[in-house]
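Hello,

Here is the structure I said I would pass on. My notes on it follow below.

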Amino acid sequence: MPIFSLASKGGIGTLGKEAYRFVDFLEKSEQTWWQILPLNPTNYGDSPYQSFSSYAGNPYFIDPEMLVEEGLLYRPEFESFDFGNNPQKIDYGKLYQNRKKMLKLAFARFKEDKEYKDFCKQNDFWLYDYALFMAIKNANADVSWEEWDEPLRFRETEAIEKAKKVYKKDIAFYCFVQYLFSKQWQALKKYANKKGIKIIGDIPIYVAYDSADVWSDTQQFWLDKNLKPKAVAGCPPDAFCDDGQLWGNPLYDWKFMKADGFNWWKRRMKYVLSLYDCVRIDHFRGFESYYSVPYGDKTAINGKWVKGPDIALFKALETELGKDLPIIAEDLGFLTPAVLKMLKKSGYPGMKVLQFAFDVEKESEYLPHNFINNSVVYTGTHDNDTIIGWAKNSPEEEVAFAEEYLGAKRDNGFNWAMMKTALRSVADTCILMMQDLIGLDSEGRINIPSTVGDNWTWRIDGGCINDWLAKIIAENTKVYGRAQKKDLE
């Protein structure tokens with residue numbers, strides 16, 4: 001259940017009372033895990049997988065009502081802003097136009113204290129570069145850093161020092177926003193953990209080119225002398241897209257990273273493990289070999305596979321952060337024997353997605369009778385249709401096979417039949433989608449890969465989070481031996 005999909009006031013899900021109410025709902029449902037999507041600020045296209053920073057939190061998730069309670073906002077101020085009037089859809093355009101204006105009102109009333117100064121000190125390895133990046137970006141009509149004046153693009157010392165003075169107030173504002181986000185997020189996580197609910201976070205393997213990460217540390221990325229990408233990330237043609245997926249992210253300079261002891265990744269993983277109890281790493285297979293597409297290509301057809309750091313990266317992470325790191329490997333897609341070998345060596349559980357299971361042409365590893373214990377089963381992910389939408393829109397032969405396998409008809413409890421199959425599987429962990437639990441059709445879909453427009457906008461009706469549904473979920477969770485352990489620390 002993404003944070004943005006909660007029924008909070010203000011046009012988008014936030015870290016406020018609806019998030020706490022959802023935690024209470026999970027506790028009543030006898031759940032142990034809440035999996036979310038990346039928390040980072042969204043870039044153009046509104047995808048949480050394309051962000052201005054791999055460290056910063058999304059300002060949209062800061063709860064305005066909590067700011068009212070703190071005296072940083074007056075309720076009439078908050079209510080005067082137009083954040084959109086459709087409770088089931090996010091209007092990112094209106095959030096972009098108005099959210100920062102609202103937060104600047106709060107900033108004007110904020111007085112720095114010890115807690116704030118401690119936050120800034122603890123996060124100085126990323127915070128000030130991010131704040132400076134955003135301040136310069138705002139001063140340049142929000143264009144990508146590749147369009148800034150050359151001294152700023154190349155971070156020449158004189159230009160950077162001048163920018164720090166010129167944009168001092170804006171830099172302070174962005175530090176303040178991150179402080180608010182961190183305070184609200186850590187309070188919510190502490191509450192969830194106390195209730196026996198642990199958080200599964202999600203980090204993209206890549207970062208956006210137009211990000212503080214790339215601008216502030218260009219040597220970590222495969223860029224030319226003009227700081228343009230030599231090649232970009234994507235994936236080859238598959239069931240989702242005939243032309244492949246052109247993500248456009250810059251590729252890492254793995255040779256440099258290895259020589260540097262993978263310190264960039266050590267810092268990143270240490271940080272995300274302070275945010276979450278477990279983390280799903282998106283596109284895990286890209287560490288064994290990554291798909292490299294020539295920069296400037298319009299599709300991913302001409303890409304090629306290039307050898308990555310493989311298990312050496314994860315051995316370095318374990319040396320730094322300890323063994324048995326709480327990681328879920330997103331191992332979907334084209335898997336070679338080398339990828340499978342890397343996954344096995346890592347010891348991390350992979351993903352099993354039931355919607356991928358019903359290929360009539362071959363025996364699928366996603367059929368539950370082929371599962372292993374060390375895996376996480378999903379009926380679908382944010383990139384899939386809902387179960388009911390899948391049953392309506394998938395090839396007839398696949399749906400017919402699913403009906404036979406699940407022992408259910410597509411027009412009669414099909415979503416629960418698939419979820420119960422996931423629950424009864426041998427996979428150590430089972431994650432269900434909130435849209436499937438409330439029986440939504442395709443209107444509940446989060447994302448259609450390789451498309452832009454109406455993605456990442458779904459929000460739940462607050463009335464769906466209720467004790468009646470919690471009881472049903474709890475009963476099914478108990479039947480299949482997955483109920484929350486009350487002695488969980």
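In this predicted model, a polar atom of the arginine 153 side chain lies 3.0 Å from the backbone oxygen of tryptophan 148. Arginine 153 belongs to helix H7, which covers residues 150-153. Its relative accessible area is 16%, so arginine 153 is buried, the cut-off being under 20%. If neighbours within four places in sequence are left aside, arginine 153 is in contact with Trp145, Glu146, Glu147, Trp148, Trp215, Asn226 and Leu227.

Next, a pair of helices. The axes of helix H1 (residues 17-28) and helix H9 (residues 168-194) come within 10 Å and cross at roughly 15°. Angles under 35 degrees count as roughly parallel, and therefore H1 is roughly parallel to H9. The crossing of these two helices, H1 and H9, is right-handed. On the H1 side, the contact is made by Ala19, Tyr20, Val23 and Asp24, and on the H9 side by Gln184, Ala187, Leu188, Tyr191 and Ala192. Sorted by class, the residues in the contact of H1 with H9 are seven nonpolar, one polar and one charged.

Last, helix H17. This helix spans residues 414-423 and is mostly covered, with eight of its 10 residues buried. Those buried in H17 are Phe414, Asn415, Ala417, Met418, Met419, Thr421, Ala422 and Leu423.

Regards

Key: Residues numbered from 1 in each chain as written. Predicted model: local features only at pLDDT ≥ 70, side-chain atom pairs only at ≥ 80, totals over all residues. Heavy atoms only, no water. Helix = DSSP H or I, 4+ residues; strand = E, 2+ residues; numbered from the N terminus. Buried < 20%, exposed > 50% of the residue type's maximum accessible area, 1.4 Å probe, protein only. Polar contact = N/O pair within 3.5 Å; in protein donor to acceptor, adjacent residues only side chain to side chain. Contact = heavy atoms within 4.5 Å. Axes fitted to C-alpha atoms, helices over the stretch in contact; angles between N-to-C directions. Parallel < 35°, antiparallel > 145°, perpendicular 65-115°, else oblique. Left-handed = near helix turned anticlockwise from the far one by under 90°. Nonpolar A, V, L, I, M, F, W, Y, C, P; charged D, E, K, R; others polar.
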